[in-house]
Amino acid sequence: MGSKYTKRYTAEFRRDAIALVDSTGRTVTEVARELGVSPESLRNWYRHAKVDRGEGRPAS
């Protein structure tokens, strides 16, 4: 079971985190650790951003 508290991140924070992955060539996990975000969250944000840019496939 997860925590009762879910931390919310602004759209700007998410964009900046995704940009860090793209611009630095570091892994999602490395950037997530640096920012104090769960790697799973950043991976999901990154995946959604790629779909929004037309670079990936939408989840089924």
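**Exercise 1.** In which helix is the place of valine 28? Find out also whether valine 28 is buried or exposed, and list its contacts beyond its sequence neighbours.

Solution. The model is a predicted one.

Step 1: Valine 28 lies in helix H2.

Step 2: The relative accessible area of valine 28 is 14%. Buried means under 20%, so valine 28 is buried.

Step 3: With neighbours within four places in sequence set aside, valine 28 has contacts with Val21, Pro39, Leu42 and Arg43.

Step 4: Isoleucine 18 stands 10 residues away from valine 28 along the chain, and the C-alpha atoms of the two are 8.4 Å apart.

**Exercise 2.** State how many helices and strands the protein chain has, and give the order of its elements.

Solution. 

Step 1: The count for the protein chain is three helices and zero strands.

Step 2: Read from the N terminus, the order is α-α-α.

Step 3: The protein chain has 60 residues, and 18% of them count as buried.

Step 4: Its accessible surface is about 4,900 Å², with 49% of that belonging to carbon and sulfur atoms.

Step 5: Among contacts with a separation of 6 or more, 40% are between residues 24 or more positions apart.

**Exercise 3.** Describe how H1 is placed relative to H3, and classify the residues in the contact between the two helices.

Solution. 

Step 1: The axes of H1 and H3 come within 10 Å and cross at roughly 85°.

Step 2: Angles of 65 to 115 degrees count as roughly perpendicular, so H1 is roughly perpendicular to H3.

Step 3: On the H1 side, the contact is made by Phe13, Arg14, Ala17, Ile18, Val21 and Asp22. On the H3 side, Leu42, Trp45, Tyr46 and Ala49 take part.

Step 4: Sorted by class, the contact of H1 with H3 holds eight nonpolar, no polar and two charged residues.

Note on methods:
Residues are numbered from 1 along each chain as its sequence is written. This is a predicted model: local features need pLDDT of at least 70, side-chain atom pairs count only at pLDDT 80 or more; totals for chains, interfaces and linings use all residues. Side-chain values use heavy atoms; hydrogens and water are left out. Axes are lines fitted to C-alpha atoms, for helices over the stretch in contact, and angles run from 0 to 180 degrees between N-to-C directions. Helices (H or I, at least four residues) and strands (E, at least two) are DSSP runs, numbered from the N terminus. Angles under 35 degrees count as roughly parallel, over 145 as roughly antiparallel, 65 to 115 as roughly perpendicular and the rest as oblique. Contact means heavy atoms within 4.5 Å. Ala, Val, Leu, Ile, Met, Phe, Trp, Tyr, Cys and Pro count as nonpolar, Asp, Glu, Lys and Arg as charged, and the others, Gly among them, as polar. Buried means under 20% relative accessible area, exposed over 50%, partly exposed in between (1.4 Å probe, protein chains only). Accessible areas come from the Shrake-Rupley method with a 1.4 Å probe; for residues, only the protein chains shown count as cover.
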